[in-house]
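Work through these exercises on charged side chains. Keep the structure open as you go.

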Amino acid sequence: MTSFLVLGTIEARTRTTVQRITGVMKQTLLAALIAANNRPVTIEALSEELWGPTPPAKMENALQAQVSRIRRLLNRLEPERPESRLITTVSSYRMMVSWSEVDVLSFERTVNVIQDRPCTDLRTRHPRPAQRTGTVARPDLRRSDRWCDLPGSGCPLPANPHHRPRTAL
């Protein structure tokens, strides 16, 4: 299985290989295709992503060259894969990836799973009563007293009997 890292350095990893994706064009193209989450991305959208409002004179050829470089890289990383991850149609490209193969998608899914869990009071380890703020109960972490131990939390701290206030000189 190949993993794609797009948070930080853009890389493709297998069990035995780490391939850093070099070149701004290849990085941008791969990131745009992965961000589409298995949906087709039109040639026009990719052109805008890669070159902005001033594409090269032969934009379709330049895009095909970049896609070909990505496809060769993927074929080197996954020689046993029966079909290419990168699918070409008349007017679009699509990269087939699972959420578990992409760091940012895996991170998003983990956050969503955690947020969908029933809230638990960390001090007592008992479920908190549901706060109806939508479909899922979530604690208000902004002023929760469990964060009062942290400096800068804004919570009133108990008076320290050994603390002497500084006086201005």
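**Exercise 1.** State what links arginine 13 and glutamate 11, then decide how exposed each residue is.

*Solution.* This is a predicted model. Start with the contact. The side chains of arginine 13 and glutamate 11 form a salt bridge, with N to O at 2.9 Å. Next, take the accessibility. Arginine 13 has a relative accessibility of 35%, so arginine 13 is partly exposed. Glutamate 11 has a relative accessible area of 13%. Buried means under 20%, so glutamate 11 is buried.

**Exercise 2.** Find the salt bridge between glutamate 78 and arginine 85, and say whether the two residues are buried or exposed.

*Solution.* The N to O distance in this salt bridge is 2.8 Å. Now check burial. Glutamate 78 and arginine 85 are both buried.

**Exercise 3.** Which parts of the chain does the pair of glutamate 101 and arginine 85 tie together?

*Solution.* First, the contact: the side chains of glutamate 101 and arginine 85 meet in a salt bridge, N to O 2.8 Å. Second, locate the partners. Glutamate 101 sits in the loop between β6 (92-95) and α4 (103-116). Arginine 85 sits in the loop between α3 (59-77) and β5 (86-88). The pair therefore ties together parts 16 residues apart in sequence. Third, burial: both glutamate 101 and arginine 85 are buried. Shared partners join Glu78, Arg85 and Glu101 into one network.

**Exercise 4.** How many salt bridges does the rule give?

*Solution.* Apply the cut-off of within 4 Å. The count is three salt bridges.

Key:
Residues are numbered from 1 along each chain as its sequence is written. This is a predicted model: local features need pLDDT of at least 70, side-chain atom pairs count only at pLDDT 80 or more; totals for chains, interfaces and linings use all residues. Side-chain values use heavy atoms; hydrogens and water are left out. Buried means under 20% relative accessible area, exposed over 50%, partly exposed in between (1.4 Å probe, protein chains only). Helices (H or I, at least four residues) and strands (E, at least two) are DSSP runs, numbered from the N terminus.
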